[in-house]
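Subject: Structure handover

Hello,

Here is the structure I promised to pass on. Please open it first, then read my notes below.

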Amino acid sequence: MNKTIFEITKMDCPSEENLIRLKLDGISNIANLDFDIPNRKLTIFHKGEIAQIENSIVELNLGSKKISTEKTNQTNFKENNNQKKILWTVLVINFAFFIIEITTGFISKSMGLVADSLDMLADSFVYGISLFAVGGTLIKKKRIAKIAGYFQIVLAIIGFIEVLRRFFGDEKLPDFSTMIIISIFALIANGICLYILQKSKSKEEAHIKASMIFTSNDVIINLGVIIAGILVNYLSSNKPDLIIGTIVFMLVIQGAFRILNLSK
């Protein structure tokens, strides 16, 4: 048995962990995957060469770099029997906040909230693919990933068009208080998801580390919408909301291409 350690600089959310799991699903010489999200490390226990595994990880464009490969005598690994239940939990949380944010986003005229809702939807897609495709056929997994990826791109493009319309039009100011309140709740929801997924790995990791939470892209986006809400009120302008919306739509499209990489 060999043990190879990767540094994955853009792996800062549980959804990226599941993307990697999905990408490596079906590679028969992998015995176990051990993810360390706070330190952005992935340890792979495998037989034979690492080339196929490394190429698959590189295709996801998550900033991966192989650190080391060494022999190991470890052959027994802990199996998490609650994985399906955990994935269902985080899927429901993310999808619920997709509905909440897209609804309040349109009501409050905030593109930041609408964009963040699509980011929540993107995470839901990853957890959904993990639930419905893993254990099924490779063709089924690729088909679901392709549909999810293109659907996400279409929604983001529609969002970009709406941002442009509002940028050049004479729109009312977004409701800054709704932006801030909903984003705070979304921030809490992301923290809960991270807590649930990290707690499932070992009792020693049952606490939430500050460094773990605040390196998450999802949490940074939530903080960005909160700051945009404050600036909307302070500057009496919708531009901060449109700027954060544009940034998040770009991240959503980037995530969509990662999902599409699963379908290759």
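Start at Asn 261. At 6% relative accessibility, Asn 261 counts as buried, because the cut-off for buried is under 20%. Asn 261 sits in helix α9. Leaving aside neighbours within four places in sequence, Asn 261 is in contact with Lys 23, Glu 59, Leu 60 and Asn 61. Please bear in mind that this is a predicted model.

Two of those contacts lead on to other points. Asn 61 lies in the loop between α2 (51-58) and β4. Its phi is near 55°, a positive value in a residue other than glycine. Most residues other than glycine have a negative phi. Lys 109 is another case: its phi is positive, about 60°, and it is not a glycine. Lys 109 belongs to the loop between α3 (83-108) and α4. Is Lys 109 buried or partly exposed? It is partly exposed, with a relative accessible area of 32%.

**The whole chain**

The protein has nine helices and four strands. Along the sequence the pattern reads β-α-β-β-α-β-α-α-α-α-α-α-α. Of its 264 residues, 49% count as buried. Take the contacts between residues at least 6 apart in sequence: 77% of them join residues at least 24 apart.

**The strands**

β1 covers residues 2-8, and its side chains alternate. Asn 2, Thr 4, Phe 6 and Ile 8 point to one face and are buried.

In β4, Glu 70 stands opposite Lys 3.

How many of the eleven residues of α1 are buried? Ten are, so the helix is mostly covered by the under 20% cut-off. After α1 comes Gly 26, with a positive phi near 100°.

The largest nonpolar core has 58 residues. Ile 20, Leu 24, Leu 42 and Ile 44 touch the most other members. The element that gives the most to this core is α4, with twelve residues. Ile 20 touches Ile 8, Met 11, Phe 35, Leu 42, Leu 60 and Leu 62, not counting residues up to four places away in sequence. In soluble globular proteins, nonpolar side chains tend to be buried together.

**The second largest pocket**

This pocket has a volume of about 260 Å³. It is lined by 19 residues. Glu 16, Asp 119, Leu 251, Gly 255 and Arg 258 lie nearest its centre. The elements that give two or more residues to the lining are α1 (14-24), α4 (111-133), α8 (217-235) and α9 (239-261). Which of them gives the most? That is α9, with six residues. By class, the lining has eight nonpolar, five polar and six charged residues.

Best wishes

Technical notes
Residues are numbered from 1 along each chain as its sequence is written. This is a predicted model: local features need pLDDT of at least 70, side-chain atom pairs count only at pLDDT 80 or more; totals for chains, interfaces and linings use all residues. Side-chain values use heavy atoms; hydrogens and water are left out. On a 1 Å grid over the protein atoms alone, a cavity is a set of points where a 1.4 Å probe fits but cannot get out, and a pocket is an open set with protein on both sides within 12 Å along at least five of seven lines; lining residues have an atom within 4 Å of a point. Grid points are joined across faces, edges and corners, and a volume is the space filled by probe spheres set on the points. Ala, Val, Leu, Ile, Met, Phe, Trp, Tyr, Cys and Pro count as nonpolar, Asp, Glu, Lys and Arg as charged, and the others, Gly among them, as polar. Buried means under 20% relative accessible area, exposed over 50%, partly exposed in between (1.4 Å probe, protein chains only). Two strands pair if DSSP finds at least two bridges between them. A nonpolar core is a set of buried Ala, Val, Leu, Ile, Met, Phe, Trp, Tyr and Cys residues joined through side-chain atoms within 4.5 Å. Contact means heavy atoms within 4.5 Å.
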